Amino acid sequence: MSMGQHSIATDTRSYLFTSESVSEGHPDKAADQVSDAILDWALALDPNARVACETLLAKNLVVIAGEFGSRTVTDLTERLQIEAPRIARAALREIGYTPESGLDVEGCEVKLSISKQSAGIDAGVTQASGVIGAGDQGMMFGYACDETPELMPLPISLAHALVRRQSELRRSRVLPWLRPDAKSQVTVRYTNGRPVAVERVVLSTQHAPGIGLEQLRAAVREQIILPTIPSTLRASTLECLINPTGNFEIGGPEGDTGLTGRKIIVDSYGGSAPHGGGAFSGKDPTKVDRSAAYAARWIAKNVVAAGLARRCTVQLAYAIGVAKPISLFLEFHSTGRVPEDTVEAWLRQNVDLTPAGIIEKLDLRRPIYAATAAGGHFGRELPQFTWERRDLAERLAAEVD
């Protein structure tokens, strides 16, 4: 079938769709950053280290738990007893927490529950043949669309941009009363399957005492929201809800507990695509919850970049200890220029989607993960985010028809 023979249907509805994001100072995101900082430390010592690290944050309390393994660093868990509190405090300090803004980084208690990875899981993942089996069963999704230059859905892209802007103005002290904890939400009007206008923005930001609510709302609107939402996308009736409950002085772990992996929709596509349920942060790349989700994004992005579809969802599924995926599924949402099964067949023949193949192709055995833990794992075209590269697109465009 030629590229022009597959019909493209159009969604003729008009509807609203909403996505949210959270800042690096949100307690759940802070927990993700601690877990990934510890993962990076382990991978710097041993690129083949096995890590499953969870962090809980509460008022003046940090709890770090997990299973760790290394075949070259025999005292990894013992070293973590000393290093984990230091790594956690450094990550929390970098976020900008102080006793006044949600956590006494230097004085808080750090509790550890660290053990070695079970021999059974280790044997299943690294088999006697040298084959790397999946570190767990599960299904992972990737997604891309042509709504933004980075091929992400517009609502989550703008939601991330809002909290990034909040962080920039906080760190630069342009708005010195801003504090680390913040959340954003963006509602976009879609017509005929395309985003046409931003109708509502919600932004709640922690702040220092003494700033008047109306002064805060005016500054947030003028210096965060309007510079972030392009004028061409603002509805004439754009509604901005800024700290809608009023003052937000108590934030971070003082205001709410934080837990690794509790913001998986923020981490991925803002609800525009399915999510398999597995979290990313704190897991080494043998855990397909993470590495296969990155591979699925890489495939989806390259399909869209190749012009084969305007929207692409990819699902991969694995069984623990088994190298090859047990299923591969693509959905083009009636926007494809070629049938999905044609692309699926090409991928099965040309792309190694075993854990080892993904790790090698995306160069995942490096300490690159702390940067993923706030701001979204997808859509940021940083050099170390190899799953954002479009290096398969030209070949797909030339060979798939």
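## First look

What share of the 401 residues in the protein is buried? Buried residues make up 56% of them, where buried means under 20% relative accessible area, exposed means over 50%, and partly exposed is in between (1.4 Å probe, protein chains only).

Before going on, a word on where the values come from. This is a predicted model, so to speak with conditions attached: local features need pLDDT of at least 70, side-chain atom pairs count only at pLDDT 80 or more, and totals for chains, interfaces and linings use all residues. Residues are numbered from 1 along each chain as its sequence is written, and side-chain values use heavy atoms, with hydrogens and water left out.

## Overall build

The protein has 11 helices and 11 strands. Both come from DSSP runs, numbered from the N terminus: helices are H or I with at least four residues, and strands are E with at least two. Taken along the principal axes, the C-alpha atoms fill a box of roughly 65 × 60 × 25 Å. The radius of gyration is 22 Å, which agrees with the value near 21 Å that a compact globule of 401 residues would have. That radius is taken over C-alpha atoms, and the globule rule is 2.2 Å times the number of residues to the power 0.38.

Contacts here mean heavy atoms within 4.5 Å. Among the contacts with a separation of 6 or more, 74% are between residues 24 or more positions apart.

## Surface and charge

The accessible surface comes to about 16,100 Å², and 51% of it belongs to carbon and sulfur atoms. Such areas come from the Shrake-Rupley method with a 1.4 Å probe; for residues, only the protein chains shown count as cover.

As for charge, there are 43 positive and 48 negative side chains, and the centres of the two sets lie 2 Å apart. Lys and Arg count as positive and Asp and Glu as negative, while His and the chain ends are not counted. Each charge is placed at NZ of Lys, CZ of Arg, CG of Asp or CD of Glu.

## How the strands line up

Strands of a sheet pair through backbone hydrogen bonds, either parallel or antiparallel. In this report, two strands pair if DSSP finds at least two bridges between them.

Now for another pair. Strand β5 (residues 138-145) has 6 of its 8 residues buried, so it is largely enclosed by the rest of the structure. β5 runs antiparallel to β10 (residues 311-318), and 8 bridges join the two. Gly142 stands opposite Val314 in β10.

## Two asparagines in loops

Asn60 sits in the loop between β2 and β3. Its phi is near 55°, a positive value in a residue other than glycine, and at 37% relative accessibility Asn60 counts as partly exposed.

Asn192 is in the loop between β6 (178-191) and β7 (194-207). Phi of Asn192 is also positive, near 55°, again in a residue other than glycine. With 38% relative accessibility, Asn192 counts as partly exposed.

## A few residues and what they touch

Phe17, in strand β1 (residues 14-22), is partly exposed at 25% relative accessibility. The residues Phe17 touches include Pro155, Val186, Tyr190 and Gly270. Tyr294 lies 277 residues from Phe17 in sequence, and their C-alpha atoms are 24 Å apart.

Ala370 belongs to the loop between α10 (355-362) and α11 (393-399) and is partly exposed at 35% relative accessibility. Ala370 touches Asp36, Ala37 and Asp40. Although Ala370 and Asp32 are 338 residues apart along the chain, 8.4 Å separates their C-alpha atoms. Lys263, in the loop between β9 and α7 (264-267), is buried with a relative accessible area of 13%; among the residues Lys263 touches are Val22 and His26. Ser157 in helix α4 (residues 154-171) is buried too, at 15% relative accessibility, and is in contact with Thr148 and Glu150.

Methods:
Lists of a residue's contacts leave out its neighbours within four places in sequence.
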